[in-house]
Amino acid sequence: MELTEKTLARKDIFKGRIIDVHVDDIELEDGSKSIREVIDHNGGVCVVALTEKDEVLLVRQFRYPYKEILTELPAGKLEKGEDPLEAIKREQLEETGTKSEDYVFLGNLYPTPAYCGEIIRIWATRITEYTKQKLDEGEFLEVDRVPIEKAVDMVLNNEIPDSKTQVGILKAYALIKTGKL
């Protein structure tokens, strides 16, 4: 098997501020035809920002699609062509009022690969400076300091449903335990 699909035609459906949507006519490996509905997104970034006491900064904010408050890592969307590392430095400062000097790349996360091209880049860092939050207009969130061990327990006890936050916390904890962070 080649595990490929060939695009035959593309129809743009929606162009938005955060996402675009298109529908493609495709040809499958066996020659049969199908369609793919795709959400295009510039991607995002998130950071496991750690204090000197191995506390992770988590943000709590209302997430409209779920109609609930979620606990997440500080994160944000990438602007088209923006450098992901610069984006996470901006988001860290905006959401937590902190800065860092060194960042460890934890990898890429594909949150919904069946229909969305979003890629979230994840970093971990040690906080080196505390200042004031610089939230975007219309952005409302609270910052909590949570010991990393408690954050791991929150992930394992299903208290944090957000995938990027789960992955970031677990990867950062593994690096802390091996002395690499």
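Student: In this predicted model, how far is the sulfur of Cys 116 from the closest cysteine sulfur, and in which residue does that sulfur lie?

Tutor: The general idea is to look at the distance between sulfur atoms, since a disulfide is a pair of cysteine sulfurs within 2.5 Å. In this predicted model, the sulfur of Cys 116 has its closest cysteine sulfur in Cys 46, at 15 Å, which is too far for a bond. Seen from the other end, the closest cysteine sulfur to that of Cys 46 belongs to Cys 116, again 15 Å away and too far for a bond. The structure accordingly holds 0 disulfides.

Student: Are these two cysteines buried or exposed?

Tutor: Relative accessibility is the value to read here, and a residue under 20% is called buried. Cys 46, at 0%, counts as buried, and Cys 116, at 12%, counts as buried too.

Student: Which residue forms a salt bridge with Lys 33, and how far apart are the closest N and O atoms?

Tutor: For a salt bridge one reads the distance between a side-chain nitrogen of Lys or Arg and a carboxyl oxygen of Asp or Glu, which has to be within 4 Å. By this rule the count comes to 17 salt bridges. Lys 33 forms one of them with Glu 27, the closest N and O atoms being 3.6 Å apart. Lys 33 counts as exposed, at 56% relative accessibility, whereas Glu 27, at 27%, counts as partly exposed.

Student: Which parts of the chain does the salt bridge between Glu 142 and Arg 60 tie together?

Tutor: The side chains of Glu 142 and Arg 60 meet at 3.0 Å, N to O. Glu 142 lies in strand β10 (residues 142-147) and Arg 60 in strand β5, so this pair ties together parts that are 82 residues apart in sequence. Glu 142 is partly exposed, with a relative accessible area of 46%, and Arg 60 is partly exposed as well, at 31%.

Student: What about Arg 90 and Glu 91?

Tutor: Their side chains meet in a salt bridge of 2.9 Å, N to O, in which Arg 90 counts as partly exposed at 26% relative accessibility and Glu 91 as buried at 5%. Elsewhere, salt bridges that share partners join Arg 63, Glu 72, Asp 162 and Lys 164 into one network.

Student: Which residues form a nonpolar patch on the surface?

Tutor: Phe 62, Tyr 64 and Ile 69 form such a patch, with about 370 Å² of accessible area together. Within this group, Tyr 64 lies in the loop between β5 (55-63) and β6 (68-72), and at 58% relative accessibility Tyr 64 counts as exposed.

Key
Residues are numbered from 1 along each chain as its sequence is written. This is a predicted model: local features need pLDDT of at least 70, side-chain atom pairs count only at pLDDT 80 or more; totals for chains, interfaces and linings use all residues. Side-chain values use heavy atoms; hydrogens and water are left out. Buried means under 20% relative accessible area, exposed over 50%, partly exposed in between (1.4 Å probe, protein chains only). Patches are made of residues with over 30% relative accessible area and no salt bridge: like charges are joined within 9 Å, nonpolar side chains (Val, Leu, Ile, Met, Phe, Trp, Tyr) within 5 Å. Accessible areas come from the Shrake-Rupley method with a 1.4 Å probe; for residues, only the protein chains shown count as cover. Helices (H or I, at least four residues) and strands (E, at least two) are DSSP runs, numbered from the N terminus.
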